[in-house]
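Me: I'd like to go through this one by asking where each label comes from. Can you set the values against the definitions for me?

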Amino acid sequence: MAIPPRLLRPVALVYILERSTTHQEGLPKIPVPPLKQTCERYLAALEPLITREELAHTRTLIAEFLQSGGVGERLQKGLERRARKTENWLSDWWMQSAYLDSRMPIPVYTSPGVVLPQMHFQDRQGQMRFAAKLIAGVLDFKKMVDKWTLPVEYLGGKPLCMNQYYQVLSSCRIPGPKKDIVVNYATGKSPSTHITVVHNFQFFVLDVYSSNGMPLTVDQIYVQLEKIWNSSLQTNKEPIGILTSNHRNTWGKAYNNLIKDKTNKDSVRTIQKSIFLVCLDAPMPRVSDDLYYSKVAAQMLHGGGSRWNSGNRCNLLGEDGSCGLTYEHAPAEGPPIVFLVDHVVEYMKKTEFRRAPMVPLPLPQKLRFNITPEVKKDIEKAKQNMNIMVPDLDVQVFNFYHYGKKYLKSIKTSPDAFIQMALQLAYYRMYQTCCPTYESASLRMFKLGRTEAIRSTSTESHRFVQAMDDVSKQDTEKLALLQEAIKAHRAYTHMAIHGQTVDRHLLGLRMQAIEDLTSLPEIFMDTSYAVAMHFNLFTSQVGSKTDCVMCIGPMVPDGYGICYNPMGDHINFAVTAFNSCEETNAARLSRFLKEALLDLKSLVEQTLKPSPTGPEEQPDRT
């Protein structure tokens with residue numbers, strides 16, 4: 001299934017050991033695409049999604065928008081002025097619109113989770129030893145951050161922006177009544193030297209650096225964690241942390257109520273300034289092996305409810321061997337998190353747990369909270385909301401063991417594009433229609449670049465999924481249509497990572513109109529625009545060396561969140577949906593996806609024989 005090399009050169013994500021600031025200043029600015037080009041590509045993206053009549057109406061609106069001297073030209077010029085005056089015309093608007101303006105709860109709706117392979121400890125000593133190694137591993141990553149020695153990532157021979165890597169640790173999202181803010185405490189005169197450890201809803205400050213500035217050893221961290229555990233055996237404490245899970249407006253008001261008290265304010269500030277948080281979770285009720293990872297993924301996303309661990313969230317370690325993390329999405333996308341995970345996992349493999357002569361260490365400080373009647377009322381409200389949210393999320397994690405990216409490379413195809421076409425086929429078989437599909441692409445080729453959308457649903461993918469189960473079509477024709485769909489997806493991916501697709505440009509034009517205090521152009525009030533932005537499939541490839549999987553909630557109430565990690569010989573998937581929507585079913589879509597992956601392989605093998613080599617893998621994106 002070879003793709004013509006002239007269309008898109010194979011690209012690989014490469015790490016090169018050099019100072020990560022070396023190329024930062026020389027990175028190009030993100031371009032503002034030509035207005036006519038974006039409008040044409042927008043219309044092409046709409047074709048498989050709307051009726052001919054709706055498309056004709058949108059064409060008329062686009063023609064008016066593009067008129068010489070019209071509103072489109074004026075907004076484009078404003079955007080180009082902004083691009084000349086700023087390092088990145090998009091990044092602040094993206095942070096604002098995608099994260100800080102959102103009023104939905106952070107668990108499920110915003111913060112991804114990462115599920116790591118199950119550890120083989122079954123008691124708290126094993127949990128403590130693992131936690132101590134994990135903390136030491138993150139501090140080892142932090143050493144590279146502090147010394148600016150992170151390896152520079154390259155894509156297609158070009159260096160990528162490393163800024164997000166420096167936002168992962170010591171960052172905090174602070175709620176506001178109408179919008180949030182993100183603060184990073186890694187810089188300044190006195191950067192943070194402590195982490196926060198949470199156990200049984202109780203928060204402790206753990207200084208992880210000794211007086212000479214050296215990080216604590218694994219053994220020292222273990223001893224400190226033991227002290228924390230023994231100081232937090234009570235299980236009847238108020239889950240103060242559950243307040244952060246509320247609707248952002250509600251949490252903003254509760255936050256102001258909480259910090260009226262000086263003790264509470266000091267404790268909250270200490271948590272906010274932590275390098276990171278570690279949560280020592282209680283074991284969850286046992287489930288069968290085939291449900292284990294689905295249960296853990298749900299734990300990473302929401303904690304299981306107020307009875308369980310929803311008051312403790314961040315780097316998560318269950319006493320039963322479950323482990324993973326959740327992270328605040330506003331400062332960074334997935335690649336820095338995956339790099340951190342891979343680094344910590346490798347560090348832990350090489351680090352032996354050795355007893356060493358002990359140096360007296362201070363008792364970790366327990367943070368105090370005064371639970372006023374008003375705060376108690378806010379906690380109860382947050383509990384209620386969380387207990388509604390938890391059973392509403394359907395999470396299905398599965399490992400597809402029939403093949404992985406090695407096989408897909410052997411048939412000379414893009415693993416990512418192939419998996420995306422399987423998703424298209426699975427959805428079409430389930431609903432007899434296609435839908436707007438979002439896949440994250442990295443814009444880190446540009447300074448301060450974040451993400452762009454790859455629209456996986458195309459005219460070509462639509463033709464393919466319609467033909468796949470058509471008995472009147474020959475396999476050779478189906479295979480040719482699959483090849484065309486993959487070719488279109490790779491071409492769109494290439495345009496996306498070079499800042500030449502539609503979604504972020506349309507966002508910029510819309511934000512420019514808002515800043516200019518003018519009425520929104522008709523194209524943004526059009527039904528077609530609402531359809532295009534309603535992503536029923538919200539997907540992300542999160543490639544990791546570690547045999548893990550990321551999980552995300554759906555973007556829309558009647559949609560799915562799908563993450564996948566293509567490993568050499570298998571593919572890890574996490575599929576989420578809301579139980580409150582009668583039309584969606586994560587388990588059913590997962591079954592259709594497995595069948596689609598097998599059917600595509602059968603289709604290919606009826607015509608092609610695998611060869612030992614293939615193109616380099618596509619870049620990790622999230």
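**Labels and their cut-offs**

Me: What does histidine 329 touch, not counting residues up to four places away in sequence?
Reply: Histidine 329 touches Tyr99, Thr110, Pro112 and Arg450; contact here means heavy atoms within 4.5 Å. Bear in mind that this is a predicted model, with local features needing pLDDT of at least 70, side-chain atom pairs pLDDT 80 or more, and totals for chains, interfaces and linings using all residues. Numbering runs from 1 along each chain as its sequence is written, and side-chain values use heavy atoms, leaving out hydrogens and water.

Me: Why does histidine 329 count as buried?
Reply: Buried means under 20% relative accessible area (exposed is over 50%, partly exposed in between; 1.4 Å probe, protein chains only). Histidine 329 comes in at 11%, so it counts as buried.

Me: Where is the place of histidine 329?
Reply: In the loop between β11 (323-326) and α10 (334-350); helices are DSSP runs of H or I, at least four residues, and strands are runs of E, at least two, numbered from the N terminus. The unreviewed UniProt entry annotates His329 as "active site", though such annotations may be inferred rather than shown by experiment.

Me: What makes the reach of α18 close to what's expected?
Reply: The expected span is 1.5 Å times one less than the number of residues. With 20 residues (586-605), α18 is expected to span 28 Å, and its first and last C-alphas are 29 Å apart.

Me: Which residues of α18 are buried?
Reply: Among them are Leu589, Phe592, Leu593, Ala596, Leu597 and Leu600. Residues three or four places apart point the same way because an α-helix has 3.6 residues a turn.
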